[in-house]
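Q: I have a model open and would like to learn how to read a few of its features. Where do we start?

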Amino acid sequence: MRQFTPEVVLPARRGHEQAVLGLLRAYGPLNRGELSRRCGLSRTTLHDTLSGLLAAGAVVTATPDEAPRGRGRPAERLALNPAAGQALGIDFSRRAVYVAAVDVTYEIVGTAGEAHAPGLPWPDRVALAERLVRGLLGGGLWRRALKGVGVGVVGPLTGAWDGSRDGALSGVAALLGERFGGPVLLDNNTRLAALAESTWGAAAGDQDALYLRLSYGVGGGVVAGGVLHRGADGVSGEIGHVPVDPAGRPCECGGTGCLETVASIRAVLDAYRARGGQGDDLPALKAAVEARDPIALGLLSEVGGQIGRVLAALSNAIGPRVIVVGGELAELGAPLLEPVRKALDAGAVPISRHRLALRRAALGGVAGALGGVALALGESPLLSRYPAPEPEPEPEPEPGPAASPADSRAGGPADSPVGRRGGRGGPSPRPAVGWGAAQARPRRPLTPLPSLPTLPVSRGRRAAS
Ligand SMILES: [Zn+2]
């Protein structure tokens, strides 16, 4: 169990609400006595907290057990209201939009995605996201119930490369807040994919993991000691900008010969054609690989070696137990990943060489959107120090009046969206549900995702001796 700052965990009523909601999420319906024992609140405080949650519709009374308790009435049980709150995750990758939605009980409502032309303007991308969300949730109900939107975008978010970029993204956050009506949190989409893979996917349960995504861009995420690492200026996980060839091609980051210039989809396709390969897109390359085209196989062997050497260096610095490789290029399978494994084996320090697992990502293209959901809910232990929660504005006196708004609306353009875990702002129709600073949790943070397909994963591959 990770440590939490006490003043963040228990500021007042909001903390009590979060504690009660967390217990109902973890244990299912409970009666008042069970709740009182588990959360440790006084009878008066629990009564007031539950009154607020019931009035807000976040909690409902469940059907009592059929067997009566002694001579009295059956104990009234309380449960989360599945219709009361939802969180959305949206991944704006370079050429596609993915969305995922959960209800307040953390059940996955659904996921969806659609490719688009590169360079599609932001308003069109937001409109596409809205259409996908409507397709998932239907009607307008979701809008009233929405509790948060976790949004993944390409690149770091604090202007490390381009001072004007964050300004543009603030506008995007404002637009998303307008369209979806909930608090909007932005983060790097590849890091969100790492969060999802570490929560539900190929690295679930591993305290130390490294995630690499090989797509139109190359990026990653680091989970160290059970915490998703964000880094100063939000640049943690920019694995695509590790230099691999000092005499290589210029990179969009301003560097030369970055991993992205050799291992992105475009870079691989360019190199394939430059060597005489026939194929303009990924399916063509895939077909060439399946046909054992020596040009394609030779190229993937080289690229895999470069990837593996970078991963070995990172592994020696970070010490992951598992390395997860995702993105469309990973779907090329062994012709790319076996050279990765060999280079990793050659470069990793001996002590980790025989314990390190190399796995393919399990969640597919929707991983970034699922990570957005986890970010919006703020409940994954991986986010417990990510970023440091903002201090609560005021310790409210308690017991307070019922149903005072505690959540927040989207931050406007002047309200930096970077890493916000829900800003403070105008009124909201009901208290926060399943939302806020990371909470100590009694059990697993989120329900597993049984409906999602899992790719074959190579577990615990051992180095050849
Ligand atoms: Zn670069």
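A: Start with one residue and its neighbours; note that this model is predicted. Leaving out residues up to four places away in sequence, S236 touches R191, G220, V222, H229, R230 and G231.

Q: Where does S236 sit in the chain?
A: S236 lies in the loop between β11 (227-229) and α9 (260-263).

Q: Is S236 buried or exposed?
A: Buried means under 20% relative accessible area. S236 has 11% relative accessibility, so it counts as buried. Its side chain reaches the backbone oxygen of H229 at 3.2 Å.

Q: Are C253 and C258 buried or partly exposed?
A: C258 counts as buried because its relative accessibility is 2%. C253 is at 27% and therefore counts as partly exposed.

Q: How should I read a helix such as α13?
A: An α-helix has 3.6 residues a turn, so residues three or four places apart point the same way. Helix α13 (residues 334-347) has 14 residues and reaches 19 Å from its first C-alpha to its last, close to the 20 Å expected. Its buried residues include L336, L337, V340 and L344.

Q: What do the buried residues of α13 pack against?
A: Their partners include α12 (294-318) and β12 (322-326).

Terms used. Residues are numbered from 1 along each chain as its sequence is written. This is a predicted model: local features need pLDDT of at least 70, side-chain atom pairs count only at pLDDT 80 or more; totals for chains, interfaces and linings use all residues. Side-chain values use heavy atoms; hydrogens and water are left out. Buried means under 20% relative accessible area, exposed over 50%, partly exposed in between (1.4 Å probe, protein chains only). Helices (H or I, at least four residues) and strands (E, at least two) are DSSP runs, numbered from the N terminus. The expected span of a helix is 1.5 Å times one less than its number of residues. Contact means heavy atoms within 4.5 Å. A polar contact is a pair of N or O atoms within 3.5 Å; within protein, one must be able to donate a hydrogen and the other to accept it, and residues adjacent in sequence count only if both atoms are side-chain atoms.
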